[in-house]
Every structure is written in C-alpha cells, then in structure tokens.
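I opened the notebook to look up a few contacts in this structure. The entries follow in the order I made them.

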Amino acid sequence: QVQLVESGGGLVQAGGSLRLSCVASGRSVSTYTMTWHRQAPGKEREFVAAVSWSGGSTYYTDSVKGRFTISRDDAKSTVYLQMSSLKPEDTAVYYCATSRDYSGRNYYVDWGQGTQVTVSS
C-alpha cells in the first residue's frame with residue numbers, strides 16, 4: 001500500500017498563490033496517474049486535476065483551468081499542485097490520490113489525509 005502525505009496548505013488572500021505537495025512512500029507510484037481532489041465544507045469531494053503516469057497528459061476541472069498546474073517528479077515520488085489567482089471558493093481540504101485511470105477520473109487506489117487551504121476575501 002502507498003502512503004500519501006500532503007503539505008503546503010494554509011491561509012492566503014484572494015489572488016494569492018500556494019503550492020501543494022504530495023509525497024508517496026511504500027512503493028513506486030510511477031505507473032499511476034496522480035490526482036488532486038478537494039472537499040469544501042458541506043460539499044462532496046470533487047476532482048481537481050490529474051497528471052498521467054507518463055507525465056505527458058494533464059486534466060483539470062473547468063473551475064481551475066488556467067489557474068492551477070499539476071506536475072509530478074517521480075524521482076522524488078512527489079506530485080505538486082501549483083495554485084494561482086486563488087479565490088474564496090477554492091477554500092477546501094485538498095487530497096491527493098493514485099488512480100489506475102489514465103485521465104484520473106476514477107479507479108482511485110490510495111488517498112492522503114488532506115491539507116487545508118483557506119482563501120480569504
């Protein structure tokens with residue numbers, strides 16, 4: 001089993017930036033698509049972004065396109081989510097997960113514990 005540990009969350013003003021990291025341990029994740037999700041209070045968890053196991057393809061939910069960038073460094077077993085132009089509606093707990101689906105839209109295998117992102121207006 002893979003252990004995923006997210007970090008980099010915090011409190012930021014609207015328009016600011018944060019970079020989230022997710023470090024994997026236990027076994028290699030190089031053959032998995034890596035994904036980020038978020039869950040706001042009172043809402044269901046939603047897909048945010050994915051990067052394929054080749055690193056050649058990325059996918060985003062519409063609300064973050066052009067503002068968020070997902071990337072991976074398999075040498076460090078780490079996936080990143082660079083978030084810019086943050087909005088109050090981006091406030092949520094952010095989770096990373098491994099996926100067996102190339103686009104990262106389903107077939108999740110491992111989940112991290114989450115990191116809180118709060119965007120003040």
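**Charge over rings**

I looked up Arg-45 and found that it lies over the face of Tyr-95, 4.0 Å from the ring centre. Arg-45 also lies over the face of Trp-111, at 4.4 Å from the ring centre. I count a charge as over a ring if NZ of Lys or CZ of Arg is within 6 Å of the ring centre and within 35 degrees of the ring normal.

**Basis**

I note that this is a predicted model, where local features need pLDDT of at least 70 and side-chain atom pairs count only at pLDDT 80 or more, while totals for chains, interfaces and linings use all residues. Residues are numbered from 1 along each chain as its sequence is written, and side-chain values use heavy atoms, with hydrogens and water left out.

**Disulfide**

I found 1 disulfide (cysteine sulfur atoms within 2.5 Å). It joins Cys-22 to Cys-96, with S to S at 1.9 Å. The pair links distant parts of the chain, 74 residues apart: Cys-22 is in strand E3 (residues 18-25) and Cys-96 in strand E9 (residues 92-99). Strands (E, at least two residues) are DSSP runs, numbered from the N terminus. Both Cys-22 and Cys-96 are buried, meaning under 20% relative accessible area, with exposed over 50% and partly exposed in between (1.4 Å probe, protein chains only).

**Hairpin**

I then checked strand E7 (residues 68-73). E7 and strand E8 (residues 78-83) pair in the antiparallel sense over 6 bridges; pairing takes at least two DSSP bridges between the strands. Ile-70 has Leu-81 in E8 as its bridge partner. The two strands, E7 and E8, form a hairpin with 4 residues between them.
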